[in-house]
Amino acid sequence: MEQAMEQEEQIITHYNNREILTTAVVIIREIIDSSSDSSSESDDEELKIIRDCRNVRRRVPRILNYVSHIIPNLTKEEFKAHFRMLPKTFDYILSCIEQRLKRVIPGTPMIDPRTQFLLALWRLATPDSFRSICERFNVGKSTALYITKIVVKALNELAPIVIKWPTGDRVNEV
């Protein structure tokens, strides 16, 4: 019974919030429409404030130049601790999958295949959250997800060439 009452209160609260939001939108539209009719400076200032508030997009602070300045200065041991492979192995695998990470369809500037591979390895090798990975590699969440997906797909396509499973008598030895 209490649960039903709580659900009813949530529905009423949701309805009231929606009604308030709808009313606010109507008022803002009226201000915008009326400001085009009146030429007073205060109305123009109010309209500018409303437009500025509507178009403001918050920039998330991120670590700058991590890939270009920090990673090259890591020792072999530090690199292996972070990415679970030696730099030579990283370079070899990158050379094998690099073409698969390049975009053929034009659009926004492409993220360097090296950065893509580093990001995906970091995600797979560490328990970091997406938020910290995105800050470290200066990308958004959806970009980090997409990059991880295409790198894993490229590694999966490379697996039959690199991974050799034992056959015949070799199975028993292993």
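Author: Two residues are in contact when heavy atoms of one lie within 4.5 Å of heavy atoms of the other. With that cut-off in hand, threonine 148 touches Leu119, Ala120 and Arg123, leaving aside residues up to four places away in sequence. Please keep in mind that this is a predicted model.

Reader: Happy to. Where is threonine 148 found, and what makes it buried?

Author: Threonine 148 is found in helix α8. Its relative accessible area is 4%, and buried means under 20%, so threonine 148 counts as buried.

Reader: Let's move on to α6. How do you know that the span of helix α6 agrees with its number of residues?

Author: Helix α6 covers residues 113–125, which is 13 residues. The expected span is 1.5 Å times one less than the number of residues, so α6 should span 18 Å. The C-alpha atoms at its ends are 18 Å apart, which agrees.

Reader: Why is α6 called largely enclosed by the rest of the structure?

Author: Of its 13 residues, 10 are buried, so the rest of the structure largely encloses α6. Among the buried ones are Pro113, Gln116, Phe117, Leu119 and Trp122. The buried residues of α6 pack against α3 (66–70), α4 (76–83), α5 (87–101), α7 (130–137) and α8 (141–162). For the chain as a whole, 22% of the 174 residues count as buried.

Reader: What makes leucine 119 buried, and which residues does it touch?

Author: Leucine 119 lies in helix α6. Its relative accessible area is 0%, and the cut-off for buried is under 20%, so leucine 119 is buried. Leaving aside residues up to four places away in sequence, leucine 119 touches Ile133, Phe137, Val139, Ala144, Ile147 and Thr148. The C-alpha atoms of leucine 119 and valine 151 are 9.3 Å apart, although 32 residues separate the two along the chain.

Reader: Why is α6 called roughly perpendicular to α8?

Author: Two packed helices are described by the angle between their axes and the distance between the axes. For α6 and α8 the angle is about 90 degrees and the axes are 9 Å apart. Angles of 65 to 115 degrees count as roughly perpendicular, so that is the label for α6 against α8. Where the two helices meet, α6 contributes Gln116, Phe117, Leu119, Ala120, Arg123 and Leu124. The residues of α8 that they meet include Ala144, Leu145, Ile147, Thr148 and Val151.

Reader: Now the rings. How many aromatic pairs does a search of the whole structure find? And why is the pair of tyrosine 66 and tryptophan 122 edge-to-face?

Author: The search finds 7 aromatic pairs. In the pair of tyrosine 66 and tryptophan 122, the ring centres are 6.1 Å apart and the planes lie at 85 degrees.

Reader: What makes the aromatic pair of phenylalanine 90 and phenylalanine 117 stacked?

Author: Phenylalanine 90 and phenylalanine 117 are 4.7 Å apart centre to centre, with 15 degrees between the planes. The cut-offs are 6.5 Å for a pair and under 30 degrees for stacked, so the two rings count as stacked. Phenylalanine 90 in helix α5 and phenylalanine 117 in helix α6 are 27 residues apart, and the pair links distant parts of the chain. Both of these phenylalanines are buried. Ring pairs link Tyr66, Phe79, Phe83, Phe90, Phe117, Trp122 and Phe137 into a cluster.

Reader: How do you know that the charged end of arginine 136 sits over the ring of tyrosine 66?

Author: The charged end of arginine 136 is 4.8 Å from the centre of the tyrosine 66 ring. The distance limit is within 6 Å, and the charge must also be within 35 degrees of the ring normal. Arginine 136 is counted as sitting over that ring.

Conventions. Residues are numbered from 1 along each chain as its sequence is written. This is a predicted model: local features need pLDDT of at least 70, side-chain atom pairs count only at pLDDT 80 or more; totals for chains, interfaces and linings use all residues. Side-chain values use heavy atoms; hydrogens and water are left out. Helices (H or I, at least four residues) and strands (E, at least two) are DSSP runs, numbered from the N terminus. Buried means under 20% relative accessible area, exposed over 50%, partly exposed in between (1.4 Å probe, protein chains only). Rings of Phe, Tyr and Trp (its six-membered ring) pair if their centres lie within 6.5 Å; planes under 30 degrees apart count as stacked, over 60 as edge-to-face and the rest as tilted. Axes are lines fitted to C-alpha atoms, for helices over the stretch in contact, and angles run from 0 to 180 degrees between N-to-C directions. Angles under 35 degrees count as roughly parallel, over 145 as roughly antiparallel, 65 to 115 as roughly perpendicular and the rest as oblique.
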